[in-house]
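Let's take a walk through this structure together. Have the sequence and the 3D view at hand, and follow along one piece at a time.

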Amino acid sequence: MREGPVRPGPHRARRGDTPNGILDGVNALGEFLRNRRGRIRPAEVGLPPGTGRRQTPGLRREELAALAGVSVDYYIRLEQGRDTNPGAGVLDALATALRLDDDERAHLHALTRPATKHTTAKLARPELLKLLEVVRPAPAYVLTRTSDILAANPEGEATLVGISRWPREGRNLVRYVFTQPEARGVFVSWRQMAEDCVAHLRTVPPGPDLDALINDLVAESPEFAELWQHYDVRVKSGARRTFEHPAVGRFELTSEILTAPDGQRFAVFQAPADTPDADALTLLSMALQPQPT
């Protein structure tokens, strides 16, 4: 892994450079169905193992089609991308047969909707900028849908050790997690943070901003490429995170994420009052104050 801050965009993967359609440009519905079909063993849905050697540990196409109540030919057309407009009832039947949770079910439906144009804001909403100050000393950030960091309060910037060396226009939380060496110490449960970041990106509708980020990270980080191909889908919401900071040590915070109508997200990490974790944030804030001369 390369040392120091990553300059975004110098190494772009080309289509075809990455395994198994990792860039999601072609037949995303089929990719998702194959992935989830491969995760379910026949015994889990009350089916006998059957005869003959299985090419996959998961369900066969005909088994999933029977569970969902659709014809095998129709299901094959869905997986192969020859039918891209199944009805909501068919999708719900497939979601039930595949035992999808709410986030995965919503993702399955989203894969069949026409792509919409997304504009990427370059400036944080003024109302969210005010909130950055209101919540201090809690670390807080204004993020785009792909987790570009449009703004952060001083504690937020200080918590992400090393990001102050990045150019402001290139700061991205997911990129930080996977490419900044200090991130593995900042997030004590780094693997969980990494998995959550990638699973959330899977819920983001397609767009040039998402493609650019994925291309870069697939080229930069084998761990990102592995997690992206694994295809977990999970909306990122509040979670408890443990941080390690060189100035104040270890502390635990709970995140809350609010989404504005234009898609900008306000993420804040809080600690209960009168706790050692709240004291750590106070110390962090004090360490950021100019020292008297």
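Start with strand β1 (residues 140–143) and strand β2 (residues 149–152), which pair in the antiparallel sense over three bridges. Strands here are DSSP runs of E with at least two residues, helices are runs of H or I with at least four, and both are numbered from the N terminus; two strands pair if DSSP finds at least two bridges between them. Across the pair, L143 stands opposite I149 of β2. The two strands make a hairpin with five residues between them, and in the turn S147 has a positive phi of about 70°.

A word on the ground rules: this is a predicted model, in which local features need pLDDT of at least 70 and side-chain atom pairs count only at pLDDT 80 or more, while totals for chains, interfaces and linings use all residues. Residues are numbered from 1 along each chain as its sequence is written, and side-chain values use heavy atoms, with hydrogens and water left out.

Now zoom out from the hairpin. It belongs to an open sheet of five strands in the order β2-β1-β5-β4-β3, with antiparallel pairing. β2 and β3 (240–245) stand at the edges with a single partner strand each, so one side of each has no neighbour in the sheet. On average, neighbouring strands are turned by 30° against each other, direction ignored. Further along the sheet, β4 (residues 249–259) and β5 (residues 265–270) pair in the antiparallel sense over six bridges, and there S255 has F269 in β5 as its bridge partner.

Which helices go with the sheet? Helix α13 (residues 276–287) packs on it, touching β3, β4 and β5, and its direction makes about 90° with that of β4. Helix α6 (residues 126–134) lies across β1, β2 and β5, running at about 165° to β1. Contact means heavy atoms within 4.5 Å, and axes are lines fitted to C-alpha atoms, for helices over the stretch in contact, with angles from 0 to 180 degrees between N-to-C directions.

Next, look at A158 in helix α7 (residues 154–159). Setting aside neighbours within four places in sequence, A158 is in contact with H245, L284 and L288. A158 and A287 are 129 residues apart in sequence, yet 9.7 Å apart in space, C-alpha to C-alpha.

On to the cores. A nonpolar core is a set of buried Ala, Val, Leu, Ile, Met, Phe, Trp, Tyr and Cys residues joined through side-chain atoms within 4.5 Å; buried means under 20% relative accessible area, exposed over 50%, and partly exposed in between (1.4 Å probe, protein chains only). The largest one has 41 residues, and those with the most contacts inside it are L160, Y176, V177, F178, F187, L201 and F224. Its largest share, six residues, comes from helix α10 (residues 190–201). Leaving out neighbours within four places in sequence, F224 is in contact with V174, F178, V198, L201, I214, L217 and V218. Apart from this core lies another, of 23 residues, including L59, V70, V90 and Y231.

Finally, helix α2 (residues 61–68) and helix α4 (residues 88–97) pack at an angle of about 115°, with axes 8 Å apart. L64, L67 and A68 of α2 meet A93, L94 and A97 of α4. Our last stop is H109, found in helix α5 (residues 102–110). Is H109 buried or exposed? H109 is buried, with a relative accessible area of 17%, and it touches A88, L91 and D92, not counting residues up to four places away in sequence.
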